[in-house]
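Thanks for coming. I will take you through one structure, part by part, starting with where its chains meet.

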Amino acid sequence: MAKKDSFNIAAALQGMMIIIVALLTVEASSLIQYFYSQRIIKEEAERRAQGQLDATELNINSIVDQVETAVRNNLWSASIQVTNPDSLWNLVRGIVKDNPVIYGSSIALMENYSKTEGRMFAPYAHREGNDIVFGQLGTEEYDYLSKEWFVKPLETGGGYWSEPYYDEGGGDMLMTTYSIPVKDRKGRTAAVLTADVSLDWLNSLLEGVQVYPNSFNMLVSRTGKIMLAPAETLVMQKTVQELAAQQDDSSTFNSINKAMLSGERGSVSFKYKGKVNYMFFNQVARTGWSMSIVIPHDEIYGSVNKMGKTVLLTQIIGILMLILVLWASLFRQKKMQEVTVSKNRIEDELKVARGIQMSMLPKILPPYPETSDVDMSAIIVPAKEVGGDLYDFFVRNEKMFFCIGDVSGKGVPASLVMAVTRSLFRTLAAHEISPQRIVTTMNESMSATNESNMFVTLFCGVLDLQSGHLRYCNAGHNAPYLVKADGPVQLSVEPNLPLAVLENTPYSEQEMDLTTGEGLFLYTDGLNEAEDSSLVQFGEKRLEKALNSILSASDQVKVMTDAVKIFVGGAPQSDDLTILYIKYMNNVDVETAERHLILHNDIQQIPQLADFIESVADLAHLDVGTTMSINLALEEAVSNVIMYAYPEGSDGLVDIEAIIRKDMLRFIISDNGIAFDPTAAPDADVNLDLEDRPIGGLGIFLVKNIMDTVSYQRSDGKNILTMTKKLS
Amino acid sequence: MEVRITEKENVISVAMVGRLDTAVSQEVAGKMQPVLDEAQKTIILDCKELSYISSSGLRIFLTVRKAAAAKGGKVIVRDINNEIRQVFMMTGFLNLFEIQES
C-alpha cells in the first residue's frame, strides 16, 4: 500500500514538472513572439507613414510643376511685352485663366522701370468666383519693392517659393507665391513675374488621408512656421520652436524641429501631454517645406496588445487542458491501482497527442509561384516509443526557411520539447532571416527555461530561391549531405553546441551556393543508426550509396526509406527516422529589385502611376511596346480600385508594389476598400458586331490579356490583386 | 491631353495629342460631344500624335463609332502607332474601325 502511494506521489510530481516545463517554455516563446510582433508592427507603421509622405511629396511636386511651368511658359512673352506696360494686363489674365491651380498672377516692374507708369507698377489678376478681376499692386500702402516675393528672386536670380502667408486682400486664405525675375530684350532685369497659389488643397491633401485613425499630419515651412496642423490655432501663428517651448519635453521638440528644418528624412518619438507619439518626417525638396505624420504609440501597438491577449488566452486554455488530461490520468491510475497499465495509458494518450503534432508538420509546399524553384519531400517514420524528431519548412519573401532537429531522450518530455522547438522556429523565422540569429535566440529561450536538462540538435537553413544561396547554422546536428551530380558529399558544418545546453553560447553561420539540380539531404540519426536484428547499424556507407542526384525529391526519399526497410528487416526501431530532402531547381540567375507607390483614390493621380511604371520599365530594361502594355494593365487595375473600391467622396489609398526580376515582373495592388474580385468578371467577347459590342468591360480583359497570371485574394480586410508578366 | 477639332468640307478631323488615359478621358469625352452630334459626317480620328490609350479611351472611340453607325456617318482612324495597334488587335477594334495610314 505504502509503495503504491509513493508511486502516485511520484507520478503527480512528474506531472507537475511537465506542467511547469510546458508553462515556462510556452511563456518564453510567447514573449519572443510579442517582441518580434512589436518590431514588425513598428516597421509596418514606418513603411506606411513614409509611403504616405512620398505620395504627398509627389502630389505637391506635381502642383509645383504645373505652377512653375505655367510661369516659365510666359517668361518669353513677358520679356517682350515689358516695355509696353498696358499689354501686361492681358498677359497676367491669360496666366490665371489657363491655369486653374493659379489663384492670381502679377508682373511687378523694377523701381522706375517704366517712364509712363511711375515708381511702381504691378498689374495683378486674380480669381473671384468664376470671374477674373484686376488690380494694381504698387501703391503708397503696399510697397512691393521690399516684399519677400519681390526681393528674393532678384537676389537668387531664379525662381523662388515664398514663405506661406495669409492673403491680406482676398479673405482668409493661406497662400504661397512663386516668383521669377524677367529680363527685357536688352538683358536688363525688368520685372518679377509671380503666381499665387492657394494652399487650401494642401489641407485636403494632408487632412484627408490618415495612416491611422488618430494620426495627424503637419506641414512646416522653411523657417519652421506651421502651415498645417490638427489644431487650427497653431496654423501660421506659431513656429515649431515656440510650440516646443510650451511642451513638457522641449528638448526633444527642438531636436525634431532641427531635423525637420535641415531637410532630413526620418522618425523620432516624443512625449506630448504624457503620451508617447511617433513622428515620421520628410522634406519636399522643391519648396523646402517639411511634412510629418504623427502617430500615437497606442495606435501603432494596439493590435499587438490585442494579439498578445488572444495568444495568452489560447495558452491558458491549452495548459488547463493539459492539467485536465494529467489529472484524469492520475485519477484513473489510482482507481485501477495498476501501475504499469496506467503508465501505458499515459504513453498512449501522448502518442495520440504527438500524432496530432506530427500532422501539423508541413508535407508539401503551398502553391506559390516561387516554389517551382525547389523540389522537396519529407518524412518521419515513428519508432515504437515516442521520440522527439522534428522538421519544418515554409517560404517567405522568396526564401525558404527550414530546419530538422532531434530532441535528446524519448517519451513524453521529448515530445513536449519537440513541439516547443518547432513553434519557436516558426515564430522566429517569420521575422528573422539569419539562421544564426534564429538558432541563437532559440537557444537563449530554451536554455533559460531548461529544467529538464534535455537538449536538441538542430540544423537550420535559409535558402534564397532566386540565387540558390544557402545560409545555415548547425547546432550539433548530423551534417547533411550535399547531393551533386558526381555523388554525395557531407556538408562542412562547424561544431556548435546543441540547443538548450548552455546559455550565451555563440553560434556560427556558414554559407554556400546551391546550383540547379543539387540537393540537400537532411536526416536524423534514426537513419544512419537504424539497426538490423543483429544490431549492425545502417551506417553512412549504405546511406551514401542510396543518394543520387538524378532522383526527384520524393523518389529519393522513397529509395532511402526502402533501403533502410530492407536492411533492418523486421527488427523494431528504437528511434524516429526523419528525412528532409530539398532539391534546388532554379537555373535563372536573377537579381530582384522592388519599387513601391501609394496613390490616393483620385483618378488625377494616374499620370503618377505612368511615371512609376516608366521607372520600373527602366529597371527591367523593357522595350517601348512592353512598357506600354504593362502601363495599360496597371492603369486598368489601379483605376478600377480608384473608381470603385471606396464609397464616393471618401478618401482611400491604393498600394502598388513592383517586384522586378530578370525573368518576370510582378505587381501587387492592394486596397482597404469593399471586397471585389475583378478576375471573377466574365471575359469580354471581342468578336461581337458593332451593334452588340458593349461600350465598357474592356479594362480587366486587357489586364488578363497582357499579364501571364492574375490572381485575387481577400485577406485582412484588403483586396490584393497579384499579376505577373514573364519576361524573356 | 490636347484635342484639336477642325472641319473642312463636311469632314471633321479630330487630332489627339498625348496620352489618352483614365485621368483625362472624361475631359476628352466632353470635347467629343459636338463631334457625336455631327456623326452623320465623315469623322477622322487622327492618332499620329496619340502615344497611349487605355480602356476609357477605347470607350470614346467606340462611342463615336456607334454614333456614326446610328446616323449614317463614317469613322476613319488614322496613323495609330504599333503599341496602340496591338491594343486594337487584342480588343477586336481592328475589325470595327477603318484604319488608314496617311
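Start between the chains: 21 residues of chain B are in contact with 22 residues of chain A. Contact here is when the C-beta atoms of two residues, placed from the backbone, lie within 7 Å. On the chain B side, α1 (22-37), α2 (55-71) and α3 (82-90) each supply at least two of the residues that touch chain A. With eight residues, α2(B) gives the most to that side. Sorted by class, the side of chain B that touches chain A holds eight nonpolar, eight polar and five charged residues. Nonpolar covers Ala, Val, Leu, Ile, Met, Phe, Trp, Tyr, Cys and Pro; charged covers Asp, Glu, Lys and Arg; the others, Gly among them, are polar.

A word on what you are looking at. This is a predicted model, in which local features need pLDDT of at least 70 and side-chain atom pairs count only at pLDDT 80 or more, while totals for chains, interfaces and linings use all residues. Residues are numbered from 1 along each chain as its sequence is written, and chains are lettered from A and ligands numbered from 1 in the order in which they are written.

Now chain A. It has 17 helices and 27 strands; these are DSSP runs numbered from the N terminus, helices being H or I of at least four residues and strands E of at least two. Of the 728 residues in chain A, 37% are buried. Buried means that 20 or more other C-beta atoms lie within 10 Å of the residue's own, exposed means 12 or fewer, and partly exposed is in between, again with C-beta atoms placed from the backbone. Among the contacts in chain A with a separation of 6 or more, 64% are between residues 24 or more positions apart.

Next, a pair of helices. How do α10 (residues 411-429) and α11 (residues 435-448) of chain A cross? Their axes come within 10 Å and cross at roughly 135 degrees. That makes α10(A) oblique to α11(A). The axes are lines fitted to C-alpha atoms over the stretch in contact, with angles from 0 to 180 degrees between N-to-C directions. Under 35 degrees counts as roughly parallel, over 145 as roughly antiparallel, 65 to 115 as roughly perpendicular, and the rest as oblique. In this contact, Leu424(A), Phe425(A), Leu428(A) and Ala429(A) of α10(A) meet Ile438(A), Thr441(A), Met442(A) and Ser445(A) of α11(A). By class, the residues are six nonpolar, two polar and no charged.

On to a strand, β25 (residues 664-671) of chain A. In a regular strand the side chains alternate between the two faces of the sheet. β25(A) pairs in the antiparallel sense with β24 (residues 653-661) of chain A over seven bridges, where pairing requires at least two bridges found by DSSP. Ile668(A) is the bridge partner of Glu657(A), and two residues separate β24(A) from β25(A) in a hairpin. β25(A) also pairs antiparallel with β27 (residues 718-726) of chain A, over eight bridges, and there Leu665(A) stands opposite Lys725(A).

Last, two residues in loops. Asn112(A) has a positive phi, near 60 degrees, without being glycine. Asn112(A) lies in the loop between β1 (104-109) and β2 (123-128) of chain A, and counts as exposed with 11 C-beta neighbours inside 10 Å. Leu535(A), also not a glycine, has a positive phi of about 65 degrees.
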